[in-house]
Amino acid sequence: MITITKKEEVVLNQIKIFIKEYSEGIPIELIRKEVDFHEYDLIQILNTLSDKDLIQFDNDVVLLTDSEKEINAVNSKKDVEAIELNLKEKESYNLIKELVDDNNLVSRYILEGNLLYGDLKLSNFRMYHIILSLENKGLLKRIEKEDGEYYLLIS
């Protein structure tokens, strides 16, 4: 599921309408006039939609991607971040469950390496934020052993 803001949804819906007439690409000026957003805001929205692989945006022309993805629209970017973080927390927690040994322990470096460079490819900030969040929720606990730092998965 892809989470977008209401403004992004308005732009995306307008693109879906125009793509029937402009199959070779929709000029952004046409979209801007229809949705009545400032050009700077529209370009930010188009870049965000492009980053989420919902559209292709090049040289002032927009194309709709062929994907039929499930989309959830929320009121603000802050809501988008909260939802995405919750999804990343769940994915991270599931990854931790796969990494722990029989004693529910995983080395700090193995865990952080998998979060940073594994399938999730989290940034340093997001990784530490997720680990801290899981610790605050009582799902993960940092412990010191003689041979290094570990995380204990509390189940």
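This is a predicted model: local features need pLDDT of at least 70, side-chain atom pairs count only at pLDDT 80 or more; totals for chains, interfaces and linings use all residues.
Visitor: Why is Thr48 called buried?
Guide: Buried means under 20% relative accessible area. Thr48 comes in at 18%, so it counts as buried. Thr48 is found in helix α3, and once neighbours within four places in sequence are set aside, it is in contact with Glu8 and Lys77.

Visitor: And what makes Leu120 buried or exposed?
Guide: Same cut-off, under 20% for buried. Leu120 has 16% relative accessibility, so buried is the word. Leu120 is found in the loop between α5 (108-117) and α6 (124-136). Leaving out neighbours within four places in sequence, its contacts are Lys88, Glu91, Ser92, Leu95 and Leu115.

Visitor: How far apart are the C-alpha atoms of Leu120 and Asn86?
Guide: They are separated by 13 Å, with the two residues 34 apart along the chain.

Visitor: How do you know which strands pair in the sheet of three strands?
Guide: Pairing takes at least two bridges. Two bridges join β2 to β4, and β3 pairs with β4 (residues 61-64) over four bridges, so both pairs pass the test of at least two. Both pairings are antiparallel, and the order in this open sheet is β2-β4-β3.

Visitor: What makes β2 and β3 edge strands?
Guide: β2 (26-27) and β3 (55-58) each pair on one side only.

Visitor: Which residues are bridge partners in β4?
Guide: Leu64 is the partner of Ile55, and Val61 is the partner of Pro27. In the hairpin of β3 and β4, two residues sit between the strands, and Asn59 takes a positive phi near 50°.

Visitor: Which helices meet this sheet?
Guide: Helix α1 (residues 6-18) lies across β2, β3 and β4, at about 85° to β4. Helix α3 (residues 39-51) packs on the sheet too, touching β3 and β4, with its direction at about 130° to that of β3.

Visitor: Why do you say the buried residues of α2 line one face of the helix?
Guide: Ile28, Ile31 and Val35 are buried in α2. Viewed down the axis of α2, its buried residues fall within an arc of 60°, so they line one face. An α-helix has 3.6 residues a turn, so residues three or four places apart point the same way. What covers the buried residues of α2 includes α1, β2, α3, β3 and β4. Just after α2, Asp36 takes a positive phi of about 60°.

Visitor: Which residues touch the most other members of the largest nonpolar core?
Guide: Of its 21 residues, Val11, Ile15, Ile31, Leu46, Leu49, Ile55 and Val62 do. β1 (2-5), α1, α2 (28-35), α3 and β3 each supply at least two residues of this core.

Visitor: What does Ile31 touch?
Guide: Not counting residues up to four places away in sequence, Ile31 touches Val11, Ile15, Phe18, Ile26, Leu42 and Val62.

Technical notes. Residues are numbered from 1 along each chain as its sequence is written. Side-chain values use heavy atoms; hydrogens and water are left out. Contact means heavy atoms within 4.5 Å. Axes are lines fitted to C-alpha atoms, for helices over the stretch in contact, and angles run from 0 to 180 degrees between N-to-C directions. Buried means under 20% relative accessible area, exposed over 50%, partly exposed in between (1.4 Å probe, protein chains only). A nonpolar core is a set of buried Ala, Val, Leu, Ile, Met, Phe, Trp, Tyr and Cys residues joined through side-chain atoms within 4.5 Å. The arc is that of the directions from the helix axis to the C-beta atoms.
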